[in-house]
Amino acid sequence: MFQKVSETIPDQLSPRVEAALAWFNDSPDAAGENFKVTGILDADAAVTGSDELKLILCGGDRCEQRSFRVTGSSPNFSVESSDDIAPKGDKSQAELAPPPGVRLTWLDSVMAQHAFVVLLFYRGFW
């Protein structure tokens, strides 16, 4: 099953996405970088009542897909990483190329700093 990646965050998910982003930026996983949300996977599932958000986060020189469980109501959301909670054997289908635009600003900034950039795509995983 392919996951649909969208660069646009639905308005009704914005408060939950902002809470997940703030939580991640305060976590040790951010390693002091200030990440931004550049995409969301399966936004329709989150809009229809799922507590799970699958976000594409970019900061510094890296982009990562992270999953969060966001419960409660604004402004008192409870956020936790659901990356460690995923059932064993649940593997996502690899995409043949990165979703359009997810790394566009990252690539522009890196190319401005270096004479050349090597991009490596391994078996469709980005």
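Start by selecting Glu64: at a relative accessible area of 18%, Glu64 is buried (buried means under 20%, exposed over 50%, partly exposed in between, with a 1.4 Å probe and protein chains only). Before going on, note that this is a predicted model, where local features need pLDDT of at least 70, side-chain atom pairs count only at pLDDT 80 or more, and totals for chains, interfaces and linings use all residues. Residues are numbered from 1 along each chain as its sequence is written, and side-chain values use heavy atoms, with hydrogens and water left out.

Glu64 and Arg66 form a salt bridge with the closest N and O atoms 2.8 Å apart (a side-chain nitrogen of Lys or Arg within 4 Å of a carboxyl oxygen of Asp or Glu). Arg66 is buried as well, at 17% relative accessible area.

Helices (H or I, at least four residues) and strands (E, at least two) are DSSP runs, numbered from the N terminus. Asp29 is partly exposed, with a relative accessible area of 39%.

Next, jump to Arg69 and Glu80. Their salt bridge has its closest N and O atoms 4.0 Å apart. Arg69 lies in strand S4 and Glu80 in strand S5, so the pair ties together parts that are eleven residues apart in sequence. Both ends are partly exposed: Arg69 at 27%, Glu80 at 38%. The salt-bridge count comes to four.

Switch to cartoon view for the sheet. It is open, with five antiparallel strands in the order S1-S2-S3-S4-S5 (two strands pair if DSSP finds at least two bridges between them). S1 (5–6) and S5 (78–81) stand at the edges with a single partner strand each, so one side of each has no neighbour in the sheet.

Select 52–59 and 62–71: these are S3 and S4, paired over eight bridges. Glu52 stands opposite Arg69 in this pairing. The two strands form a hairpin with two residues between them, and Gly60 in the turn has a positive phi of about 60°. On the S5 side, S4 pairs over four bridges, and Arg69 stands opposite Glu80. That hairpin has six residues between its strands, with Gly72 in the turn at a positive phi of about 90°.

Show the cysteines next. Cys58 stands opposite Cys63 in S4, and the two form a disulfide, their sulfur atoms 2.0 Å apart (the cut-off is within 2.5 Å). The S-S torsion is about 115°, so this disulfide is right-handed. Both cysteines are buried.

Last stop: the largest nonpolar core, with 19 residues; Leu13, Ile40, Leu53, Leu55 and Phe68 have the most contacts inside it. A nonpolar core is a set of buried Ala, Val, Leu, Ile, Met, Phe, Trp, Tyr and Cys residues joined through side-chain atoms within 4.5 Å. H1 gives the most to this core, with five residues.
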